[in-house]
Amino acid sequence: MELHSAGENALMLYLGQETSPAVAARVQAAAAAIETALGDHLVDMVPSYASILILYDALATDHLAVSHRVRQALAQLQEADSSLGRQVVLPVYYALEAGADLEALAQRAGLSPEQVIELHAGTEYRVYAIGFAPGFAYLGQVDERIAAPRLATPRLKVPRGAVAIADRQTAVYPAVSPGGWNLIGRCPTRMFDPSATPCMPVSVGDRVQFEPIDRSRYLALGGELE
Amino acid sequence: MSLEVIQPGILSLLQDRGRFGAHRIGLTNGGPLDPEAFSWCNRLLDNPANATAVEVSFGGARLRARVDTFICVTGAAMPLHINDREQALWTVHRVGAGDEISLGFAERGCRAYLGVADGFTVAPSFGSSATVMRESIGGLHGDKLRSGDLLPCAAVEQRKRRYLHPASLPHYHDQVTLRVIPGYQQAHFSRLQQRRFFSHAYMVSERCDRMGYRLEGPAIQCDLEGILSEGICAGAIQIPADGQPIVLLNDRQTIGGYPKIGSALSLDTARLAQLRPGGTVHFAPISPHGAHNALHLAHSQALRKTMLEHRD
């Protein structure tokens with residue numbers, strides 16, 4: 001564990017070096033402990049793959065006091081159980097009309113589109129981080145056989161609900177946005193809905209399983225096709 | 001009861017102090033790029049510190065009052081007219097229904113704050129009215145002001161017509177020194193690279209906006225190409241592969257995978273955000289202790305500044 005000053009009201013806590021369920025579980029447990037330990041002095045927090053950015057009220061406390069309380073809270077932490085975290089199932093309509101890069105990705109991998117789908121839906125993912133855009137959840141790790149680099153030229157418009165792969169990460173686009181990930185399907189579940197409570201179906205540390213659905217089920221669940 | 005937007009100007013946004021506590025769902029802060037000028041706007045008007053005002057970037061805005069109230073403009077030197085009569089900034093003015101308020105283009109600085117007595121009444125989203133266009137969140141419709149927008153506000157009959165003495169006003173120069181708390185991946189920048197970073201002048205490039213200011217100058221090399229994506233605080237200075245620093249501001253993404261050499265003080269990024277392309281930036285290191293002291297000192301100095309009052 002390493003704790004560094006990151007800014008006038010920020011400390012950065014590193015809990016590992018790599019992307020793994022064990023590190024993610026540590027991040028999740030530490031985030032909860034820090035929240036309790038800092039109470040009102042905590043302004044915001046960004047848990048990510050192997051780190052937590054802690055933002056505190058710099059006029060009410062200081063970096064030394066916050067470091068001390070964070071270290072104390074972490075010292076009492078038990079080794080986190082990496083099987084914790086809610087399980088969330090997200091339906092996906094995998095098809096060329098829903099995932100423009102499905103065929104190219106399969107070809108690159110020397111697999112059939114069906115095998116790509118099987119590998120993508122056959123893995124349980126963990127929510128490692130949320131960022132880039134509201135509700136954008138970074139899920140990992142994608143099976144090495146279907147990992148694919150970002151597109152050389154990002155698309156100007158990726159549709160809402162697009163299920164995509166970049167390297168060993170996968171995600172569901174929460175809103176229409178530019179993007180360079182490889183599109184393989186569409187998910188009808190809204191990943192970010194400001195009017196809903198909660199506004200996201202997942203949070204950092206949750207486990208996600210994709211469930212293949214067909215076209216009619218996708219449309220019945222409210223999915224859209226342009 | 002409202003102020004009606006006749007002409008929104010280049011970029012005018014409703015802002016309160018910003019959105020805090022929503023990073024975990026990927027929402028950034030938003031809020032005023034120059035919190036010092038913003039907070040004076042509300043203090044002069046005797047508003048709550050988090051009251052919503054309009055951040056006018058570069059100028060060119062015209063509004064019509066549809067209510068009797070009081071307004072105040074602070075920040076960049078944009079000529080303020082109320083019905084064709086020039087009025088002082090950093091001063092509370094009475095306006096009546098039908099009056100036209102116009103803000104010309106900034107002569108110095110580039111962000112001004114137009115506040116109204118009791119603030120604009122905007123329903124908060126995720127706890128804040130701050131507009132972040134990239135997220136389509138905040139303000140009236142998640143976007144910059146448009147012609148015809150009605151900015152709701154209350155009718156106010158009484159308010160002290162306070163102003164700040166000209167000697168207490170901040171000066172907006174065309175150069176800024178950013179005090180930087182070394183942090184994040186600082187250890188991965190060699191001593192030579194750090195010396196280069198702290199001893200050369202950088203210039204504000206054309207690519208500067210509410211997300212961040214990209215600077216141009218001697219390239220800084222890091223011995224890391226990328227890092228596991230991690231949280232980014234306001235003021236963090238990111239060094240991408242081309243070595244040109246980007247100072248990340250209010251509308252930055254909350255996580256990212258570029259190495260960072262440290263973070264600039266908010267007191268100084270407020271001045272950075274008043275610079276335009278071509279402005280000069282220097283960096284100076286400051287310890288976390290020094291930064292803490294500087295924040296408290298600035299806070300107590302601001303509280304001690306006296307506001308004067310027009311009576312007639």
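Modeller: Gladly. This is a predicted model, where local features need pLDDT of at least 70, side-chain atom pairs count only at pLDDT 80 or more, and totals for chains, interfaces and linings use all residues. Residues are numbered from 1 along each chain as its sequence is written, while chains are lettered from A and ligands numbered from 1 in the order in which they are written.

Colleague: In what order do the four strands of the open sheet in chain A lie?

Modeller: Strands of a sheet pair through backbone hydrogen bonds, either parallel or antiparallel. Here the order is S1-S2-S4-S3 in chain A, with antiparallel pairing. Strands (E, at least two residues) and helices (H or I, at least four) are DSSP runs numbered from the N terminus, and two strands pair if DSSP finds at least two bridges between them.

Colleague: Which strands stand at the edges?

Modeller: Strand S1 (2–7) and strand S3 (42–47) of chain A do; each has a single partner strand, so one side of each is left without a neighbour in the sheet.

Colleague: Over how many bridges do S2 and S4 of chain A pair?

Modeller: Strand S2 (residues 10–14) and strand S4 (residues 51–56) of chain A share five bridges in the antiparallel sense. Within that pairing, Leu13(A) has Ile52(A) of S4(A) as its bridge partner.

Colleague: What does helix H1 of chain A touch when it packs on the sheet?

Modeller: A contact means that the C-beta atoms of two residues, placed from the backbone, lie within 7 Å. Helix H1 (residues 21–38) of chain A touches S2, S3 and S4 of chain A.

Colleague: Into which domains is chain A divided?

Modeller: Domain bounds come from an automatic or database domain assignment, which gives domain 1 (2–75) and domain 2 (87–220) in chain A. The centres of these two domains of chain A, taken over C-alpha atoms, are separated by 29 Å. Seven residues of domain 1 of chain A are in contact with seven residues of domain 2 of chain A, and H1(A) gives the largest share of the domain 1 side, three residues.

Colleague: How many residues of chain B are in contact with chain A?

Modeller: There are 32 in chain B, in contact with 36 residues of chain A. H4(B) gives the most to the chain B side, with six residues.

Colleague: How many helices and strands are there in chain B?

Modeller: Chain B has four helices and 22 strands. Its C-alpha trace spans about 60 × 40 × 30 Å along the principal axes.

Notes:
Axes fitted to C-alpha atoms, helices over the stretch in contact; angles between N-to-C directions.
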